[in-house]
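Walk through this model with a viewer open.

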Amino acid sequence: MLQDNLIMLRNMYGMSQEDIAVKIGISRQAYAKWESGATVPDIEKCKRLADFYDVTIDSLLKTATEDKIGMIPPAPKGKNIWGSVTINERGQLVIPKAAREKFGWSGGQRLIVLSDQEGIALIPAEVFEEKMKAAMEYASVTEKMIRTIVKKRVTDPFARHSRIGVVLMEKMYVNEKSYAVINC
């Protein structure tokens, strides 16, 4: 229910009822009534809450629970929480039907398993292969550009003194800048 999600999200953000009320332009008392279930916000206030917490209005209103986990917080916009799965003795798991339907996955489809320190991600092999091909093409073009710049001798004072050329380039798929260091 909405009231459960409001309490959970506010606690996850480490904020007081007063803090949230100020952020969305209402009184603390009004927010407290929403959390207690005494009243519910109108659609405009729901939109403000959803925007503030970076969730959809739909996920703000629904409460999901999972065995052994309890209540699951609303997922951020563009993200999904499909529930939990259990790995069987053979190391297999069943991807929830709703997730399979959302992504159009069917039996026999190849998936690439990726991970970081916190968990895994599954990506259709064809999507992964397309992105890797594009990244390799980008790297090839970038390498050619860097070689051309190095041939022209970078005029950056840092590069002149240390004999290292530092070239600023945009990363593919990321809105950050990175530095490529090349020995001159």
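Start at Tyr13. Tyr13 has a relative accessible area of 39%, so this residue is partly exposed (buried means under 20% relative accessible area, exposed over 50%, partly exposed in between, with a 1.4 Å probe and protein chains only). Phe52 also counts as partly exposed, at 22% relative accessibility. Phe52 and Tyr53 form an edge-to-face aromatic pair, 5.1 Å centre to centre with 70° between the planes. Rings of Phe, Tyr and Trp (its six-membered ring) pair if their centres lie within 6.5 Å; planes under 30 degrees apart count as stacked, over 60 as edge-to-face and the rest as tilted. Tyr53 is buried, because its relative accessible area is 3%. Tyr13, Phe52 and Tyr53 form one aromatic cluster.

This is a predicted model: local features need pLDDT of at least 70, side-chain atom pairs count only at pLDDT 80 or more, and totals for chains, interfaces and linings use all residues. Residues are numbered from 1 along each chain as its sequence is written, and side-chain values use heavy atoms, with hydrogens and water left out.

How many aromatic pairs are there by this rule? The count is six. One of them joins Tyr13 and Phe52, tilted, at 5.8 Å centre to centre and 35° between the planes. That pair links distant parts of the chain: Tyr13 sits in helix H1 (residues 2–13) and Phe52 in helix H4 (residues 43–53), 39 residues apart. Helices (H or I, at least four residues) and strands (E, at least two) are DSSP runs, numbered from the N terminus.

Now turn to the pockets. On a 1 Å grid over the protein atoms alone, a pocket is an open set of points where a 1.4 Å probe fits, with protein on both sides within 12 Å along at least five of seven lines; lining residues have an atom within 4 Å of a point. The largest pocket holds about 750 Å³ of space. Its lining has 24 residues, with Trp82, Ile95, Ile120, Ala121 and Leu122 nearest the centre. Strand E4 supplies the largest share, four residues. The lining divides into 20 nonpolar, three polar and one charged (Ala, Val, Leu, Ile, Met, Phe, Trp, Tyr, Cys and Pro count as nonpolar, Asp, Glu, Lys and Arg as charged, and the others, Gly among them, as polar).

The second largest pocket has a volume of about 390 Å³. Ser59, Pro74, Ala75, Asn80 and Ile81 lie nearest its centre, among 20 lining residues. E1 gives the most, three residues. By class, this lining has eight nonpolar, seven polar and five charged residues.

Note on methods:
Points joined across faces, edges and corners; volume = space filled by probe spheres on them.
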